[in-house]
Amino acid sequence: MILMQPTVVAAAIIRRGGRILICRRRPGQAHALKWEFPGGKVEAGETPPAALARELREELAIDARIGREVERYEFRYPGKDPLLLIFYVVEDFTGDPENCVFSEMRWVRAAELQNFDFLEGDVAFVKGLAASGLT
């Protein structure tokens, strides 16, 4: 039996002024119009923090200092290979986040996160984050 190595995905919990940045996927994308935290797949030869810094430059046009890891777990969408989701706090960045790839972006309080339709892979993390009040 061949064990599948999970695809590693790094995501940013970008905090500013007591709020967290969330982003909504565009129509036509996989998981269209679902909310997510910015970030993406770790490419060969990259560390998760380096991949996240690259993704934040591509998606939001910011240069971020990747902070501490706050959570990691595996998740599998039906019929897909497993993902290893790693979430990092980002509080230090230069530039003002610009929407380069999403249908919309919002700054919300942790307690408001559960009001949004997040990617299934993020739901467990969102519940914990909302309960912790991490802001």
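Biologist: Is H31 buried, exposed or partly exposed?
Modeller: H31 is partly exposed, because its relative accessible area is 32%. The cut-offs are under 20% for buried and over 50% for exposed, with partly exposed in between (1.4 Å probe, protein chains only). This is a predicted model, in which local features need pLDDT of at least 70 and side-chain atom pairs 80 or more, while totals for chains, interfaces and linings use all residues. Residues are numbered from 1 along each chain as its sequence is written, and side-chain values use heavy atoms, leaving out hydrogens and water.

Biologist: Where is H31 found?
Modeller: H31 sits in the loop between strand 2 and strand 3, the latter being residues 35-36. Strands (E, at least two residues) and helices (H or I, at least four) are DSSP runs, numbered from the N terminus.

Biologist: What is phi of H31 near?
Modeller: Near 55°, which is a positive value in a residue other than glycine. A61 is another case: its phi is also positive, about 60°, and A61 is not a glycine either.

Biologist: Where is the place of A61?
Modeller: A61 follows helix 1, in the loop between helix 1 and strand 5. A61 counts as partly exposed, because its relative accessibility is 34%.

Biologist: What span should helix 1 have, and how far apart are its end C-alpha atoms?
Modeller: Helix 1 has 13 residues and should span 18 Å at 1.5 Å a residue; its end C-alpha atoms are 17 Å apart, so the two values agree. The expected span is 1.5 Å times one less than the number of residues.

Biologist: Which residues in helix 1 are buried?
Modeller: A51, L52, A53, R54, E55, L56, E59 and L60 are buried. What covers the buried residues of helix 1 includes strand 1, strand 2 (19-24), strand 4, strand 5 (63-65), strand 7 and strand 9 (104-108).

Biologist: Take E59. What is its relative accessible area?
Modeller: E59 has a relative accessible area of 10%, so E59 is buried.

Biologist: And what is E59 in contact with?
Modeller: Leaving aside neighbours within four places in sequence, E59 is in contact (heavy atoms within 4.5 Å) with P38, G39, E98, N99, C100, V101 and F102. V101 is 42 residues from E59 in sequence, yet the C-alpha atoms of the two are 5.7 Å apart in space.

Biologist: C100 is on that list. How many disulfides are there?
Modeller: The count is 0 disulfides, taking a disulfide as a pair of cysteine sulfur atoms within 2.5 Å. The cysteine sulfur nearest to that of C23 belongs to C100 and is 10 Å away, and C23 is in no disulfide.

Biologist: New topic. Where is T94 found?
Modeller: T94 is in strand 8, which covers residues 92-94.

Biologist: What does T94 touch?
Modeller: Not counting residues up to four places away in sequence, T94 touches I62 and D63. T94 and D63 are 31 residues apart along the chain, and their C-alpha atoms are separated by 5.3 Å.
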